[in-house]
Amino acid sequence: MNDSSWAAPPQTGYWGPTEQGPVQGTGPAGPAYDAQVTHQTRPMPIVPHVPEHGGDQDDDRGAARLGGSLFRDETPQAPPHWAASQNPEPMPDAPQPAPAPQKKSAGRDLGAAIGVGIGLGVVIVASLFIVKAVFVGVIAVAVVVGLWELTKRLEERKGIRAPLVPLAVGGAAMVVSGYVRGAEGAWVAMALTALAVLAWRMTEPPEGYLRDVTAGAFAAFYVPFLATFVSMMLTAEDGPRRVLTFLLLTVVSDTGAYAVGWRFGKHKLAPRISPGKTREGLIGAVAFAMGAGALCMQFLIEGGSWWQGLLLGLAVAASATLGDLGESMIKRDLGIKDMGTLLPGHGGIMDRLDSLLPTAPVVWLLLVIFVGNG
């Protein structure tokens, strides 16, 4: 746009010269006056009206503000002296002291976690080597509490009402049946528990029936059925040592993953599922579990060999990690950090069973392959 395009046509009624030129209310005096006026004046550009701040233009859903070279002079203008005095140029930032390095945190109360872990270990080992039946009772109690935590969280977070009563009764029956009748008894108890869940849910309105019974069948398999393999290990002559091997390898795998991952972990293993787990931690779990497996198979399991322990430790590290990630996936879907608060520093019972449950059938099967049923 040039200057001539901004000019407006002459209007009557302006103030002009008196005797030496045009009088008020008349048109231009002539070409000489036009030249003089043109020389002395310069038409101003039409500036569009811009609404004040705070109107609809500030709303993200409204139209964009007018801007660009079409609505302002191309040549930037220097601010007036009074604006510079009110808004002085910012001084360069002074150097700030470097922040003190922060210490890595475990994220839990380690004192409480260690104390609770030692207490649970004493109860488990005492019941395991004194009376086998008492240890079976410990497994059954853990299963019932785990089922209560799982069904409670499902109802609170998703509105899923898996029947707890048939699950608790059937879960305890599964653990006992596995100890008394072996794998056959465990499968029969599992089938009867699923049927009991279907029948129990029929006493309530049909809305959500399929959702609830599906969750009930999953809970029956995930908690009591997998725990049944621990009671099946116990039936062998060296059953207490087999169960102790299973527990030691799982705990050592978790400890190795935690220790190595906390100290050296840099590469995330599964950030969308469990951001705290690292590939370095997995390597630590494998190394620790394989070393412990070699020792346990050589000195605890009759007829076992160290190389079998290496394979057993590798399998335990894999299954324990998958079990931990599996429960992390469930908790992420439910939007919770822990399944419960029963164990200070650990969360709930299910937060301790997450790696044990899927590892139990793996250890049971490999021990049967390596040294037989006993």
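Serine 305 lies in the loop between helix H9 (279–299) and H10, helices being DSSP runs of H or I with at least four residues, numbered from the N terminus. The model is predicted, so local features need pLDDT of at least 70 and side-chain atom pairs count only at pLDDT 80 or more, while totals for chains, interfaces and linings use all residues. Residues are numbered from 1 along each chain as its sequence is written, and side-chain values use heavy atoms, without hydrogens or water. At 18% relative accessibility, serine 305 counts as buried (under 20% relative accessible area; exposed is over 50%, partly exposed in between; 1.4 Å probe, protein chains only). Met297 and Gln298 are touched by serine 305, not counting residues up to four places away in sequence (contact: heavy atoms within 4.5 Å).

Helix H10 (residues 306–334) has 29 residues and reaches 42 Å from its first C-alpha to its last, close to the 42 Å expected at 1.5 Å a residue (1.5 Å times one less than the number of residues). Glycine 335, with a positive phi near 75°, follows H10.

The structure holds 8 salt bridges (a side-chain nitrogen of Lys or Arg within 4 Å of a carboxyl oxygen of Asp or Glu). One of these joins the side chains of aspartate 351 and lysine 331 (2.9 Å, N to O). Aspartate 351 lies in helix H11 (residues 349–353) and lysine 331 in helix H10, so the pair ties together parts that are 20 residues apart in sequence. Aspartate 351 is buried, at 2% relative accessible area, and lysine 331 is buried at 10%.

Key:
Helices (H or I, at least four residues) and strands (E, at least two) are DSSP runs, numbered from the N terminus.
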